[in-house]
Amino acid sequence: MATTFEPSSKNISVQHTDCFIDGQWLPAQSGKTFATINPATEEVIAQVAEGDAADIDLAAQAARRAFDTGPWRTMDARDRGRLLYQLADRIESEIDDLAALETLDNGKPISESRTGDLPFVIDVLRYYAGYADKIHGSTIPIRGRNFCYTRREPVGVAGQIIPWNFPMLMTAWKWGPALAAGCTIVMKPAEQTPLTCLRMAQLAHEVGFPPGVINVVPGFGPTAGAAVVKHPSIDKVAFTGEHITAQTITRDSAATLKRLTFELGGKSPNVVFADADLDAAARGAYVGLYLNQGQCCCAGSRLFVEESIHDRFVEKLRELTENRRVGDPFALDTEQGPQVDQKQFDKIMSYIDQGKAAGATCVTGGERVGDCGYFIQPTIFDNVTDDMPIATDEIFGPVLSVLTFSDAQQMIERANNTFYGLAAAVWTRDISRAHDFAARVRAGTVWVNCYDMFDAAAPFGGFKMSGYGRELGEEGLKAYTESKTVTIAL
Ligand code: ADP
């Protein structure tokens, strides 16, 4: 980290607020704009172009042209990879400014955007840059005097719709594999946090991505987002967000039968056995739930604690939680900033009220912090039963539900008793127990004695209603390709 790093919300200049289409900055054709808000102060940061179907149409046409006739597909794969490396380098050289812009728009603590999100953004882009020239098919020994091989080709124009919890990181997770595979992009960032994605589009332009390869249209879901999903020139939609939105997207994409990949919500079980390293498990439960203000799809929001250690463990967690520093996201020692907007704030507070009304014990937290900005105390509910809304619904905030178990078999059934299946974790020193849990829990990612251990190379995605397909790793790349079989009679 640069030693001169002195983040401040005061000296951030917002450079890009229009749509980025075909290498140009354009206002929305309707002339409309919407405000993006600083969640720490509730002040307007900037007015941003409110793209809708007309702008998506321009972007989709540009992306189609860039895919069908532009230099992108015919470029040597290694040169495509090189552009991705250059984008990563450029982001690295502006890491302090980008982290500050992310914190301003999203509210996440600057220490997290600067040392968590941004380094991962760079890592993901470099990981996929290295893949660009390693995408190939296979030769297949079919019957007869024939030569058969497959080609892995880019899927075409990729529509990408992302949420607001990790704006730059979600952009990188989507752009990296799409660009390495040779796709072109129409992206719609979340309406709450459009600024860093727009800035990344400018950086991509400056390092030399050809016009039309990356297009970004800010706007709202039912207008701009739905237009991406319905557009006939877009071949695939990659979406991260709520499962209810994914259901709408599935319906809206039916007419054009788009390829779909979804990374959706979760209510992930985090299980602590009595034989675990309890300090590490408490730290893992704390990070696994409160990271990013609890606004993580994989948050370990159902904490299953073995009965014999319950009181001790909850006490450890209470201590950690009460020491959590909530406040100005630009202060270097802040651990928790505001929730992203009023809607999320209201939703979380209503779940806290429901938890109290349902008879769960509020061990700590449960209130708003201050009277300006969307700050909420980190909150632990104990004596939660499996059927309470705080145990079944994705709250997407700093609210932990503690459930107790004594029978390991029953616990796995309870852990699986949800329509979500994104992530799960287990804390134990018993290797058989860890493997048994990993095999039996219905989730796309299982962490053993750790939590939130992400890597660009490790696939991530959901079982059940937590998603289709995987992001990151080779599987994430393949989701942007089509396989073509070629047979030659000899
Ligand atoms: P959240 O409640 O966390 O904002 P959403 O699933 O509503 O989650 O939003 C995630 C992304 O999906 C955002 O970019 C949003 O604008 C977009 N979106 C919302 N509704 C639709 C829709 N009907 N079609 C396409 N995209 C949508």
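**Reading local features in a predicted model**

Mentor: Asp 452 counts as buried, because its relative accessibility is 14% and the cut-off for buried is under 20%. Keep in mind that this model is predicted.

Trainee: Where does Asp 452 sit?

Mentor: Asp 452 belongs to the loop joining β18 (445-448) to β19 (467-468). Look at its backbone too. Asp 452 is not a glycine, yet its phi is positive, about 55 degrees.

Trainee: Is Lys 464 buried or partly exposed?

Mentor: Partly exposed, because its relative accessible area is 31%. That value falls between the 20% and 50% limits.

Trainee: How many residues of α5 are buried?

Mentor: The helix is mostly covered, with 15 of its 15 residues buried. Then look just past its end.

Trainee: How many disulfides does the count give?

Mentor: A disulfide is a covalent bond between two cysteine sulfur atoms. Here the count is 0 disulfides. Take Cys 197, which is in none: its nearest cysteine sulfur belongs to Cys 19, 12 Å away. Cys 197 counts as buried because its relative accessible area is 1%. Cys 297 is in no disulfide either, as the nearest cysteine sulfur, on Cys 298, lies 4.9 Å away. The cut-off is 2.5 Å.

Trainee: Why does Cys 297 count as buried?

Mentor: Because its relative accessible area is 13%.

Trainee: Last, contacts. Which strand holds Thr 364?

Mentor: Thr 364 is in β14, residues 361-364. Thr 364 counts as buried because its relative accessibility is 11%.

Trainee: Which side chain makes a polar contact with that of Thr 364?

Mentor: The side chain of Glu 322, at 3.0 Å. Widen the view next. Setting aside neighbours within four places in sequence, Thr 364 is in contact with Arg 318, Thr 321 and Glu 322, and also with Pro 378, Thr 379 and Ile 380.

Note on methods. Residues are numbered from 1 along each chain as its sequence is written. This is a predicted model: local features need pLDDT of at least 70, side-chain atom pairs count only at pLDDT 80 or more; totals for chains, interfaces and linings use all residues. Side-chain values use heavy atoms; hydrogens and water are left out. Buried means under 20% relative accessible area, exposed over 50%, partly exposed in between (1.4 Å probe, protein chains only). Helices (H or I, at least four residues) and strands (E, at least two) are DSSP runs, numbered from the N terminus. A polar contact is a pair of N or O atoms within 3.5 Å; within protein, one must be able to donate a hydrogen and the other to accept it, and residues adjacent in sequence count only if both atoms are side-chain atoms. Contact means heavy atoms within 4.5 Å.
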